[in-house]
Amino acid sequence: THRMVALFPQAATPTKIALLPILAAKNDESTLPHLVAAARSADPAFRKAGLEGLGVSGQPSAIPVLEEVARSGNDEEKKLALRGLLTVGQACSAHGVRNEASRAMNTLYQLAQDDSQRREALKGMASNPSPESLDSILAAAQVESLRDVVFPALQALAGTLVAAGQGDKA
């Protein structure tokens, strides 16, 4: 990985685009600066590959960049960033990085473009409850089509709030 990372800056853009998925799949924090630079590139193909790579990387450090693009990118970039938030959230959950998993899922819920994304976000919040997700879960409780996934999230969150000494919010 380190050798590939060292050679990356000198590569031509088409080569970089081809290397980004390989770097992303390494799940190595040292690849993140290249993925972030690509995601912020002026070149649309390079930017797309960078966004896809950030999601695949599963790195918690990718969350702020994915959030930024999900808020301000064009439609295609927003979709890639939202998909990336889901993937990073799932990876964080699988690796026991619960706070970051919750952060990714809460951000996904807040920026979701449809109920399918909201459902996935709520499932992630149920698996990784955090006091910061309270407002999102309460908002979801008002949506009839989400109620079946809201109740497990509320139940998990109530336990987390009590454990965090915030039982008054539960």
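Predicted model: local features only at pLDDT ≥ 70, side-chain atom pairs only at ≥ 80, totals over all residues.
Some ground rules: local features need pLDDT of at least 70, side-chain atom pairs count only at pLDDT 80 or more, and totals for chains, interfaces and linings use all residues. Residues are numbered from 1 along each chain as its sequence is written, and side-chain values use heavy atoms, with hydrogens and water left out.

I start with the helix pair. Helices here are DSSP runs of H or I, at least four residues long, numbered from the N terminus. Helix 4 (residues 44–57) and helix 6 (residues 75–94) have axes that come within 7 Å and cross at roughly 15°. The axes are lines fitted to C-alpha atoms over the stretch in contact, and angles run from 0 to 180 degrees between N-to-C directions. Helix 4 is therefore roughly parallel to helix 6, a label for angles under 35 degrees.

Which residues of helix 4 and helix 6 make the contact? Among them are Arg47, Lys48 and Leu51 of helix 4, and Glu76, Glu77 and Leu80 of helix 6. Contact means heavy atoms within 4.5 Å.

Next, glutamine 117, in helix 8 (residues 115–127). Is glutamine 117 buried or exposed? Glutamine 117 counts as buried because its relative accessibility is 18%; buried means under 20% relative accessible area, exposed over 50%, partly exposed in between, with a 1.4 Å probe and protein chains only. Leaving aside neighbours within four places in sequence, glutamine 117 touches Leu82, Leu108 and Ala112.

Last, alanine 156, in helix 10 (residues 147–163). With a relative accessible area of 21%, alanine 156 is partly exposed. Alanine 126 is 30 residues from alanine 156 in sequence, but 5.6 Å away in space, C-alpha to C-alpha.

Conventions: Helix = DSSP H or I, 4+ residues; strand = E, 2+ residues; numbered from the N terminus. Parallel < 35°, antiparallel > 145°, perpendicular 65-115°, else oblique.
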